[in-house]
Amino acid sequence: MSNPYPHLLAPLDLGFVTLPNRVLMGSMHTGLEDHKRDFGKLAAYFAARARGGVGLMVTGGFSPNIAGWLKPLSSRLSMPWHVAPHKQIARAVHAGGGRICLQILHAGRYGYHPLSVAPSRIKAPITPFTPRALSSGGVERTIRDFVRCAQLAREAGYDGVEIMGSEGYLINQFLAERTNQRSDAWGGNLENRQRLPIEIVRRTREAVGRDFIIIYRLSMLDLVDNAQRWDEIVALAKQIEAAGATLINTGIGWHEARVPTIVTSVPRAAFTWVTKKLKSEISIPLITTNRINLPDVAEKILADGDADMVSMARPLLADPDWVNKASAGRTRLINPCIACNQACLDHVFENRRASCLMNPRACFETELVDAPLARKKHFAVVGAGPAGLACATTLAQRGHAVTLFEQSHEIGGQFNLAKRIPGKEEFVEPMRYWGNLLAERAVDVRLDTRATVDSLRGYDSVILATGVTPRTLSIPGADHPKALSYLDVVLHGKPVGRRVAIIGAGGIGFDVAEFLTQSAPSPTTDIARWSHEWGVDKTYANRGGLTKPAPEASEREVWLLQRTPGTPGKRLHKTTGWVHRAALKMKGVKMLGGVAYERINDAGLHVTIDGKAQVLDVDNVIVCAGQEPQRELYDGLKAANIDAHLIGGADVAAELDAKRAIEQGTRLGAML
Ligand code: NAP
Ligand code: SF4
């Protein structure tokens, strides 16, 4: 078979070691790094990706000292007794045929604790703690701590380290005047501001020898004001190369930046242009990153010469066998990362273990395991939404016979709504994956088929994943022609006027607002348009690579309403909610809380806000008021003595949520 991805699967010779391909599993905190009792699980997590063919991996960040903690008692490698637990990670990865570097991350002023330090005493907008300014002796000690951490990593058996110099953490804080206002040898002019990373790399190389990988993660696009200029970044890259780095990885955006960098509405490969800009300036290999999720995207980046290697973290959570599947011509079976952040980054921010919405086994490799098959059974799964698909494919993988009933003409359930929302084009991929997986595992799929109690007789067990129906309103005029459900609008394409009120500001209300205010095709499919909207400047005229955002105007006037007092959107997911709120603000959507709905009539939507009655003169009122479970079959099956299980929205509609649905479906499928 010919090589389907010649650039992606080409080896990379680093002089003292040759990587088998151009895939780097980028650093991502999983929550398993913080306690040594979890290192066995962490080792299993990395070992699965090593067996899956990843060329090189990087751990989540480990602090070189206490001041550099991300949060109290978080991951740190600074003492000889910290080494032993790491050995099992390195051993497991090597046994799986992989290589792994430890990331050294000093949080600086992003440290969520009172012991944090920074170049200057300037608080970050994203933590409540004001850092202490490091003394010059403190800077020297910090460099020694980085070097020591690298030496300990080598002792633990790692193949190298990544020195985290981007994303607004300590090193990045030294590089930018916005956070470095020192007047000693570590601040002021450019040479002084750049001294810290150069010294760290130079002294680390001296300490670890030539045959140890040093990746330096270089902030190529800060996306905040008063940050680095492009010529400064080039000068730093050259000196990092001279100081002994093996590879330079790309960092995009400080954590406090107000430009989205990794969420699903960011176009694929939106930032590889900045890596390419640096390529002709240095000679060591460059790694690019952000919103690269599938082999054809990665192959094109490498074929176009934007970089020498691609970094992906979340896509390898979603599918540990990503590389092996790409190599074997089985790309159609890659479980896609949809960049939702729901089970990975959102969990980490909530101090929970990371996993993956599409792959609930991620970080649970030793726990969410298939039960041995005692007897092959025949299951009926009713409903081909995320819950039903996860359950059907898991049952079939274990060797059970599975018949999947779906009353509509397509699989995917609620994901078929999501894929129509501008900025959520990525939601097409799960259906590609599940469709191919159903065929691969020989699931008998019956589309356009409404299951009945009678048609479900004869199976060993029935799994009801019948989903939800939209909640309807009970106010006067709820049946007025102006009133539409979100299904009417998004799925059935009913015409919508220029002035619109949306009742309900949950995830779907926000999605519908985006649907109604974005012009087609969505900017997510066009890097230049998207960059223009959010103020990302490819010409790099200003520090930080920012320019004034220039959102495209909406053709509609939209009100997004909720009964709960306060601004809508507070309950959206942590790492993506702010993007949805900012996107709608750019479109002029009026978001109101504390609204009482009175009635709908020819005049529009009658509401009371702050005790004042008013009429919103709108052409349409779109109801996005949550859902009710759809589970009529359940009672019938019970009455007929048929073993039945409820999963997904049919089980708990109030928590209609793909993450919960897929996890529940997978767990049940692994157990029955
Ligand atoms: P939801 O998040 O529960 O929101 C329902 C909205 O309807 C709330 O704003 C609620 O606000 C309002 N509401 C509830 N009962 C009502 C009633 N009787 N009359 C009028 N308003 C009522 O549900 P959803 O928007 O349908 O989303 C469902 C799930 O889909 C979410 O939980 C999420 O997991 C997922 N989802 C997420 C996203 C995202 O994060 N971007 C996008 C799509 C879907 P008040 O009670 O304050 O009026
Ligand atoms: Fe990707 Fe979402 Fe899974 Fe995170 S939870 S790895 S963003 S699919």
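On a 1 Å grid over the protein atoms alone, a cavity is a set of points where a 1.4 Å probe fits but cannot get out. The model is predicted: local features need pLDDT of at least 70 and side-chain atom pairs count only at pLDDT 80 or more, while totals for chains, interfaces and linings use all residues. Residues are numbered from 1 along each chain, ligands are numbered from 1 in the order in which they are written, and side-chain values use heavy atoms without hydrogens or water.

**Exercise 1.** Determine which space ligand 2 takes and which residues surround ligand 2.

*Solution.*
Step 1. Ligand 2 takes the space of the largest cavity; a molecule sits in a cavity if more than half of its atoms lie within 2 Å of its grid points.
Step 2. Residues near ligand 2 (a heavy atom within 4 Å) include R314, C337, C340, C344 and C356.
Step 3. The shell of ligand 2 divides into nine nonpolar, one polar and one charged residues. Here Ala, Val, Leu, Ile, Met, Phe, Trp, Tyr, Cys and Pro count as nonpolar, Asp, Glu, Lys and Arg as charged, and the others, Gly among them, as polar.
Step 4. A339, also around ligand 2, has a positive phi near 60 degrees although it is not glycine. A339 is placed in the loop between helix 11 (322–327) and helix 12 (345–349), helices being DSSP runs (H or I, at least four residues).

**Exercise 2.** Locate ligand 1 relative to the domains and list its polar contacts.

*Solution.*
Step 1. Ligand 1 lies between domain 2 (378–469 + 628–671) and domain 3 (472–518 + 554–625), because both give residues to its shell; the bounds come from an automatic or database domain assignment.
Step 2. Helix 17 (residues 507–517) gives the largest share of that shell, three residues.
Step 3. Polar contacts are pairs of N or O atoms within 3.5 Å. Oxygen atoms of ligand 1 take part at 2.9 Å with a polar backbone atom of I508 and at 2.9 Å with a polar side-chain atom of R563. A nitrogen atom of ligand 1 is 3.5 Å from a backbone N or O atom of A625.

Methods:
On a 1 Å grid over the protein atoms alone, a cavity is a set of points where a 1.4 Å probe fits but cannot get out, and a pocket is an open set with protein on both sides within 12 Å along at least five of seven lines; lining residues have an atom within 4 Å of a point. A polar contact is a pair of N or O atoms within 3.5 Å; within protein, one must be able to donate a hydrogen and the other to accept it, and residues adjacent in sequence count only if both atoms are side-chain atoms. Helices (H or I, at least four residues) and strands (E, at least two) are DSSP runs, numbered from the N terminus.
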